[in-house]
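These are my notebook entries on a single structure. I record below what I looked up, entry by entry.

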Amino acid sequence: MHRVGRWLDRGWSTANASTRSLGSLEESQNLETALRAVELILNDDIAGAERGLADGNSSFHKLAQGTLAFMKAALGFEQEVMKEASDTLADAESSASSSYNKAQHDTRVFNSNIYDKGSEFALCQAEAQIMSAVVAVLNESLTESIRGFYKLRKAYMTLEGLVQMEMAYIKARGVRSLAESRAQSTESLHSATSAKSSLSGLGQTEATSNTKPRDPINPGQPAQPSGLRHTEVANSADDDSDDDEFHEVDDIHEHNRVTEGYTGHLEVVEESEDMTELDHRIERLNLSHHTDELHAEGLMRPPPPTTLGMLTADADSDIFSNSLDVFIHSGTNLMSGILSLLISIIPPAFSKLLYIIGFRGDRERGIRMLWQASKFANINGGMASLVLFGWYNGIVGFCDIISDSDPSDPDDVEGYPGARLGALLADMRQRYPQSHLWLVEEARMAASHRKLERALDILSQPGKSQLKQIEALHMFEKSLCAMNAHRYQLCASSFLACVDLNAWSRGLYYYIAGAAHLSLYRYDKSLTKEEAQKHAKIAEEYFKTAPTKVGKKKMMGRQLPFDVFVVRKMAKWEERATRFNCSFIDAVGVSPLEEMIFLWGGYKKMDEAKLQRSLNNLVWSETLPRWEREDIDEQAILAVLKAVILRNLRRHDESKEVLQLHVLLRNPLEFKGQNKDDWVAPTAHHEMAVNLWMQRTGYRASHGSEPTTGGGEKTPSVDLVQDAKLVQECKSHLERAKGWEKYELDARLGMKITAALNAVKNWEQKHGNNAK
């Protein structure tokens, strides 16, 4: 937390006091006070952060206030909090735009060796735009969501301009290693072209400025710190002004060397014939826009998928001689990393949104930029660390097919870098010892290593967060761990506690609490008949309460997927009770709690004993007298759940046989119809793909062949020819699942499919020639 002050001192200690610009000093002081205050959020000192920001009125203070509001909104998903965050971030965006415009005509402002004048305010607006976009997507309005994605596009153009400045600075400074020089020689032409297209119009802007920054090598010469002062001016279209419908603040990227005229490289994207309401809204937005930059056929590509030539120095490097450069660099890497990463995992069902965003994500580049940002002991570094933990313990932990990691490369971003994450977590826990955010991440890491009891111990430590939203996140994680650990009573009570802490998905909380009590009724042999009936009654009460708590929350104008799921399940069980002439609770099909465990990725977190317990729970359903005449989709649900458990037990042939016999050999139309679980068929194809991926000799060489990793058993040598056949069969199943028509929870499975196809593509690029 105190490095910012040292950077500030070091940055100004070499300058003569009589020559210091009052404006520059004031700007740096505003930045330092704002950063120190907002960083307190990461240590659960919300009151301290609010006090530190209360009296500040600079663009940095307003951005910090927006960051605090954003964290409350993103962690809690509450409508009132999101409205407050939206207003605060709009104020921060407007303030940054005003400050940027003033900086262009103020000779007192800070001049960087790396960035153009006013770049710190360009970054402030981009950060505010990205956070506003996330809040807008979480909003219940489809229109607001579309506006949010449009903001992402504008922020991307700003950030890419800042990255190009850093790359030009590195090239001018001559700090590339010999190894990088060879690799970059093939990219030099692309870099020059990209610089021209992404920052066109600089000559016009330069003519309005009388200040010439210092050269990074020879301070006595007129500088070109961005390396782009004399870039050719491209014939550009009309300014990228917003349609009146948007009511945006003035954009920094108009007449701005950081972003003006960025169009990147265009590629043609084939349009799907299956147009949803969202698709039509996007098309109408494109047609009404004043420029060609938003049209569906003009997606911008990001820079090459590499970080060669980018600024990757450590936090204590002399390159970062002042706090403003540190802020711009760490913030640019944080926000660019988030954008590149998140856009790279958009599920196939939402690919139309790329038309608004205007570029494709680059997962590897995004992760590397986040690791770079995490080096810095400020709010940007802390936020980057949170995103990295969310990525690896959330997204990667949720997906089943990910790229193989390279243990010999300490900077490898593929797979799950456990040792590197452990070191980062230790650093965060030392920097922010009071924060419950890092306790949650520590618990998630324990769960990812199949140590659920350890995770529950961590989450059961005394103390509460000052921020209600963090406390809600803490309780939700505890609820999931209890569910995955078969701690049914704790699972039910924890999810009910979430009802009071968070208003986002109360119907789901009641549903899972009911499922936990149903598990006690079905599986706990230690209960008396009266005790079991009591749990059955409680389960029915919670199940029937669930539909009354859904329908009020929406995302992108649509009802939440799990809300739809819960309502359909209730209707299905009511119909079954009538058809089977039984009680509601006995009409419930295959264990809804085991189904939830699967949908939340719980089987990946169970040890062998817990997996076997789940398998036994499924056997209970198969022993019922009516099982032979059970609904086909219920039999398919059990088959998918059993196959996933068998796969996690590394019994792949059994897993594939179950999927083939009970799902894949059936007509997919059998799973369609009112109240049916239509998600099982595409899920079965994905599960077949996962089995095939895990059967590769290359996978077994790095992960072992036993349920618990690192067993030390003898593994076969890598056979790339055999692996290539498995990968192609894996890819075939993934393509089938990707092309499936619309089904329930498709976005959830779609995220897994996107990650899986990316892993397959990486394998083919790495081993394609050797596997023939």
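**Entry 1: two loop residues**

I began at Leu 745, which sits in the loop that joins helix H31 (720-738) to helix H32 (746-767). The model is a predicted one. I looked up the backbone of Leu 745 and found phi near 60°, a positive value in a residue other than glycine. Is Leu 745 buried or exposed? Its relative accessible area is 10%, and the cut-off for buried is under 20%, so Leu 745 counts as buried.

I then turned to Asp 44, which is found in the loop between helix H2 (22-39) and helix H3 (46-54). Asp 44 is not a glycine, yet its phi is positive, at about 65°. With a relative accessibility of 5%, Asp 44 is counted as buried.

**Entry 2: the chain as a whole**

I next looked up totals for the protein chain. It holds 32 helices and four strands. Of its 772 residues, 58% count as buried. I also took the contacts between residues at least 6 apart in sequence, and 75% of these join residues at least 24 apart.

**Entry 3: helix H6**

What span should helix H6 have, and does the model agree or disagree? H6 covers residues 119-138, and its 20 residues at 1.5 Å a residue should span 28 Å. The end C-alpha atoms of H6 are 29 Å apart, which I note as agreement. I also looked up burial along this helix: 19 of the 20 residues of H6 are buried, so H6 is largely enclosed by the rest of the structure.

**Entry 4: Leu 159**

Leu 159 belongs to helix H7 (residues 142-173). Its relative accessibility is 1%, and Leu 159 therefore counts as buried. Leaving out residues up to four places away in sequence, I listed what Leu 159 touches: Leu 123, Ala 126, Ile 130, Thr 332, Met 335, Ser 336 and Leu 339. I also noted the pair Leu 159 and Asn 333, whose C-alpha atoms are 8.6 Å apart in space although the residues are 174 apart in sequence.

**Entry 5: the UniProt record**

I consulted UniProt, where an unreviewed entry places the feature "transmembrane region" at residues 334-355 and 376-395. For residues 376-395 I looked up the secondary structure, which is 85% helix and 0% strand. The end C-alpha atoms of this stretch are 24 Å apart.

**Entry 6: Glu 471**

Glu 471 has its place in helix H19 (residues 468-484). I found a relative accessible area of 10% for Glu 471, so this residue is buried. Not counting residues up to four places away in sequence, Glu 471 touches His 436, Lys 464, Ser 465 and Leu 501. Glu 471 and Val 440 are 31 residues apart in sequence, and their C-alpha atoms are 9.9 Å apart in space.

**Entry 7: the packing of H21 and H25**

How do helices H21 and H25 pack? I found an angle of about 125° between helix H21 (residues 506-523) and helix H25 (residues 592-599), with the axes 8 Å apart. The two helices are therefore oblique to each other. On the H21 side, the contact is made by Leu 508, Tyr 511, Ile 512, Ala 515, Ala 516, Leu 518 and Ser 519. On the H25 side, Pro 592, Leu 593, Glu 595 and Met 596 take part. I sorted the residues of this contact by type and recorded nine nonpolar, one polar and one charged.

Methods: Residues are numbered from 1 along each chain as its sequence is written. This is a predicted model: local features need pLDDT of at least 70, side-chain atom pairs count only at pLDDT 80 or more; totals for chains, interfaces and linings use all residues. Side-chain values use heavy atoms; hydrogens and water are left out. UniProt positions are given in the numbering used here, feature names are shortened, and annotations may be inferred rather than shown by experiment. The expected span of a helix is 1.5 Å times one less than its number of residues. Buried means under 20% relative accessible area, exposed over 50%, partly exposed in between (1.4 Å probe, protein chains only). Axes are lines fitted to C-alpha atoms, for helices over the stretch in contact, and angles run from 0 to 180 degrees between N-to-C directions. Angles under 35 degrees count as roughly parallel, over 145 as roughly antiparallel, 65 to 115 as roughly perpendicular and the rest as oblique. Contact means heavy atoms within 4.5 Å. Ala, Val, Leu, Ile, Met, Phe, Trp, Tyr, Cys and Pro count as nonpolar, Asp, Glu, Lys and Arg as charged, and the others, Gly among them, as polar.
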